[in-house]
Amino acid sequence: MTPAIRRKTWLIGLPLLLLLLSPTAFAHGVDANTERFLLANQDVAIGPFLYIGAKHMVTGYDHLLFLVGVIFFLFRTRDVLLYVSLFTLGHSLTLLFGVLSHITVNPFLIDAIIGLSIVYKGFDNLGGFQRLLGFQPNTKWAVIIFGLFHGFGLATKLQDFSLPAAGLWKNLLAFNVGVEIGQFLALLFILIALDFWHRHRSYYSFSTATNTLLMSGGLILFGYQITGYLIHG
């Protein structure tokens with residue numbers, strides 16, 4: 001491997017490595033201030049829930065890694081909008097339905113599935129299904145289905161705080177709108193970076209390395225969550 005290739009590989013892999021080694025990298029955690037607010041709040045609080053939703057998505061490494069995989073080979077604006085909308089539809093449905101219907105799932109298992117969604121998208125981008133299995137899953141349905149699991153992850157975390165019934169749907173709707181605002185802001189920066197990279201030959205040269213790193217990150221997340229499930233149940 002030449003020095004130039006090694007340098008570019010580090011430029012691709014270092015941000016993901018730092019992300020995975022960060023203290024919040026393995027859970028849908030919230031900071032202490034947010035936790036205190038959610039535990040103490042007993043009323044409608046549109047502004048704070050907007051902020052919490054946006055913050056959660058901007059710092060939601062797992063959601064963003066999945067979306068990076070989804071849009072990695074999308075070059076038309078309408079395609080990006082379509083797939084992001086499908087993901088939004090999926091996670092919005094289960095976020096709202098899960099909380100309002102008091103449906104929870106084991107947080108370790110749901111986060112493990114979310115990790116697998118990242119593995120799936122990296123594998124799909126590498127052409128793994130066609131090469132190894134001889135078929136191509138419907139990418140649109142896959143994005144919707146994994147979006148449903150991502151939404152259940154959000155719903156499960158919110159229900160840890162026993163949100164009061166008074167004004168619940170208003171707070172929940174504000175949180176969901178905040179999530180979409182955060183997703184838009186994060187994707188804006190990601191799309192700018194990808195658009196800049198599209199113009200260089202290295203984009204295709206290192207697409208394999210990038211998506212292999214996505215798969216590796218997803219497998220690390222999956223392994224961590226499964227280990228947590230086996231230890232803590």
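I looked up T34 and found it in helix α2, residues 32-40; helices are DSSP runs of H or I with at least four residues, numbered from the N terminus. The model is predicted, with local features needing pLDDT of at least 70 and side-chain atom pairs pLDDT 80 or more, while totals for chains, interfaces and linings use all residues. Residues are numbered from 1 along each chain as its sequence is written, and side-chain values use heavy atoms, without hydrogens or water.

I checked the cover of T34: its relative accessible area is 8%, so T34 counts as buried (buried is under 20%, exposed over 50%, partly exposed in between, with a 1.4 Å probe and protein chains only). Apart from neighbours within four places in sequence, T34 contacts I52 and K55 (contact is heavy atoms within 4.5 Å).

I then turned to L173, which sits in helix α9. Its relative accessible area is 41%, so L173 is partly exposed.

I noted that L173 belongs to a nonpolar surface patch, together with residues including W169, V177 and F184. Helix α9, residues 168-198, gives the most to this patch, nine residues.

Last, I read the UniProt record. The unreviewed entry places "transmembrane region" at five stretches, among them 173-197 and 209-231; such annotations may be inferred rather than shown by experiment, feature names are shortened, and positions follow the numbering used here. I found residues 173-197 to be 100% helix and 0% strand, with end C-alpha atoms 36 Å apart. Residues 209-231 are also 100% helix and 0% strand, with end C-alpha atoms 33 Å apart.

Terms used:
Patch = residues over 30% accessible without salt bridge, like charges linked within 9 Å, V, L, I, M, F, W, Y side chains within 5 Å. Areas by Shrake-Rupley, 256 points an atom, 1.4 Å probe, with all protein chains shown as cover. Salt bridge = Lys/Arg side-chain N within 4 Å of Asp/Glu carboxyl O. Helix = DSSP H or I, 4+ residues; strand = E, 2+ residues; numbered from the N terminus.
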